[in-house]
Amino acid sequence: MIAVAALLGVLTWTLLEYLIHRWMGHDRRYRKTPFGVEHVRHHIEGDYFAPTWKKLIIAAVAIAILCVPATAIASTTLGVAYVLGLIGFYGVYEVIHRLDHTRPGIGPYGRWSRRHHFHHHFVDARVNHGVTSPIWDLVFGTYVKPTIIKVPPKLCMPWLKDPATGGIREAHADTFVLADPPR
Ligand SMILES: [Zn+2]
Ligand SMILES: [Zn+2]
């Protein structure tokens, strides 16, 4: 039962990840909220991430708030397992998102998560809001299978760029192209 509660927490995070990103990050009505401001800056600068201390404070407050109803609805053990599953997978999301931007992916998942996320960044910010999974994009009809992703040279991720040519590395040339390739 503890594993089920933790897994439910993980699933809840994937939904929150989708909802927070889609509405707080990309709905004009929420542009002025602290998350909206940070997210717009992440899109504009590409390598900007909100400060870790802000994230830690929010995570600590979320744990404190969520534990009250979770332990009231279920037992203390299951409630805490649920909250730890949720916040733990939030931490996983933070790592995956950071790695998407800073390192080439490992294996099929690494490749998939970069295509999915950079389609959102560079092709259409109205789709592919999930970062760790496509589940909620599929549920809410915002999933698009990425094809060729045109990357603006100024925002090109370090792992994608071939330092010798200034263009896209051979290994990623089937998915990524520079919007304005060097001559
Ligand atoms: Zn976004
Ligand atoms: Zn991003």
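Colleague: Before we look around, what does "buried" mean here, for instance for Trp13 and Tyr93?

Modeller: Buried means under 20% relative accessible area, exposed means over 50%, and partly exposed lies in between, using a 1.4 Å probe on protein chains only. Both Trp13 and Tyr93 are buried, so each has a relative accessible area under 20%. A word on the ground rules: this is a predicted model, where local features need pLDDT of at least 70 and side-chain atom pairs count only at pLDDT 80 or more, while totals for chains, interfaces and linings use all residues. Residues are numbered from 1 along each chain as its sequence is written, chains are lettered from A and ligands numbered from 1 in the order in which they are written, and side-chain values use heavy atoms, with hydrogens and water left out.

Colleague: Why is the pair of Trp13 and Tyr93 called tilted?

Modeller: Rings of Phe, Tyr and Trp (its six-membered ring) pair if their centres lie within 6.5 Å; planes under 30 degrees apart count as stacked, over 60 as edge-to-face and the rest as tilted. Here the centres are 5.6 Å apart and the planes stand at 45°, so the pair is tilted. Trp13 lies in helix H1 and Tyr93 in helix H4, so the pair ties together parts that are 80 residues apart in sequence. (Helices, H or I with at least four residues, and strands, E with at least two, are DSSP runs numbered from the N terminus.)

Colleague: What makes Phe118 and Trp159 a tilted pair?

Modeller: Their ring centres are 6.2 Å apart and their planes at 55°, so this pair is tilted too. Both Phe118 and Trp159 are buried. Ring pairs also link Phe118, Phe122, Trp159 and Phe176 into a cluster.

Colleague: How do you know that Arg114 lies over the face of Trp159?

Modeller: A charge sits over a ring if NZ of Lys or CZ of Arg is within 6 Å of the ring centre and within 35 degrees of the ring normal. Arg114 is at 5.9 Å from the ring centre of Trp159. Likewise, Arg98 lies over the face of Phe49, at 4.2 Å.

Colleague: Which residues are the protein donors of the zinc ion (ligand 1), and what makes them donors?

Modeller: Donors are N, O and S atoms within 2.8 Å of the metal (3.2 Å for Na, K and Ca); water is not among the atoms, so sites may look incomplete. The NE2 atoms of His21, His26, His39, His43 and His120 lie 2.0 to 2.1 Å from the zinc ion, so they count as donors. His26 lies in helix H1 and His120 in helix H5 (residues 107-122), so the pair ties together parts that are 94 residues apart in sequence. Both His26 and His120 are buried.
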